[in-house]
Amino acid sequence: QLQFVESGGGLVQPGGSLRLSCAASGFTLDDYAIGWFRQAPGKEREGVSCINYSGTTTDYVDAVKGRFTISRDNAANTVYLQMNGLKPEDTAVYYCAKGRRYFCYGYVLTSYDYWGQGTQVTVSS
């Protein structure tokens, strides 16, 4: 059974940092691109970052460039999202998702076929 488990969310003050983890089971991550998405209350789910199957190519949306870093450890079957300089507008439930292909092709939701349950990130003083 394919499964993602996200962890690492929590409450942090503006300017703080969190590291999210996305651990996969039931399949090997290294054949697929993996994306991170987020959904704030009352808003649509949006893409945040993506990493290709080998970790050699990454992509970030403008809102998080220079603050977030995506990485992967295929041996551990885990993808990470290091979030620095957090802002209140980063508050959302964060999801990881398995892409259908090796490479990142943007953030259209249907380009991803398995999703984790999400982890809450709250940035507030």
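## Rings and strands in a predicted model

Modeller: In this predicted model, R45 lies over the face of Y95, at 3.7 Å from the ring centre.

Biologist: Okay, and which other ring face does R45 lie over?

Modeller: R45 also lies over the face of W115, where the distance from the ring centre is 5.0 Å, and W115 in turn belongs to a cluster that ring pairs form with F37, Y107 and Y112.

Biologist: How many aromatic pairs are there by count?

Modeller: The count comes to 9 aromatic pairs. One of them is F4 with F27, which is edge-to-face because the ring centres are 5.5 Å apart and the planes stand at 85°. This pair links distant parts of the chain, since F4 sits in strand 1 and F27 in the loop between strand 3 and strand 4, 23 residues apart.

Biologist: Are F4 and F27 buried or exposed?

Modeller: Both F4 and F27 are buried.

Biologist: And what about F37 and Y112, how are their rings placed?

Modeller: With centres 4.9 Å apart and planes at 80°, the rings of F37 and Y112 are edge-to-face; F37 lies in strand 4 and Y112 in strand 10, so the pair ties together parts that are 75 residues apart in sequence. F37 and Y112 are both buried.

Biologist: Switching to strand 8, which strands does it pair with?

Modeller: Strand 8 runs antiparallel to strand 3, joined by 6 bridges, and it pairs with strand 7 in the antiparallel sense, also over 6 bridges.

Biologist: How much of strand 8 is buried?

Modeller: Strand 8 is mostly covered, with 5 of its 6 residues buried.

How values were computed: Residues are numbered from 1 along each chain as its sequence is written. This is a predicted model: local features need pLDDT of at least 70, side-chain atom pairs count only at pLDDT 80 or more; totals for chains, interfaces and linings use all residues. Side-chain values use heavy atoms; hydrogens and water are left out. Buried means under 20% relative accessible area, exposed over 50%, partly exposed in between (1.4 Å probe, protein chains only). Helices (H or I, at least four residues) and strands (E, at least two) are DSSP runs, numbered from the N terminus. Two strands pair if DSSP finds at least two bridges between them. Rings of Phe, Tyr and Trp (its six-membered ring) pair if their centres lie within 6.5 Å; planes under 30 degrees apart count as stacked, over 60 as edge-to-face and the rest as tilted. A charge sits over a ring if NZ of Lys or CZ of Arg is within 6 Å of the ring centre and within 35 degrees of the ring normal.
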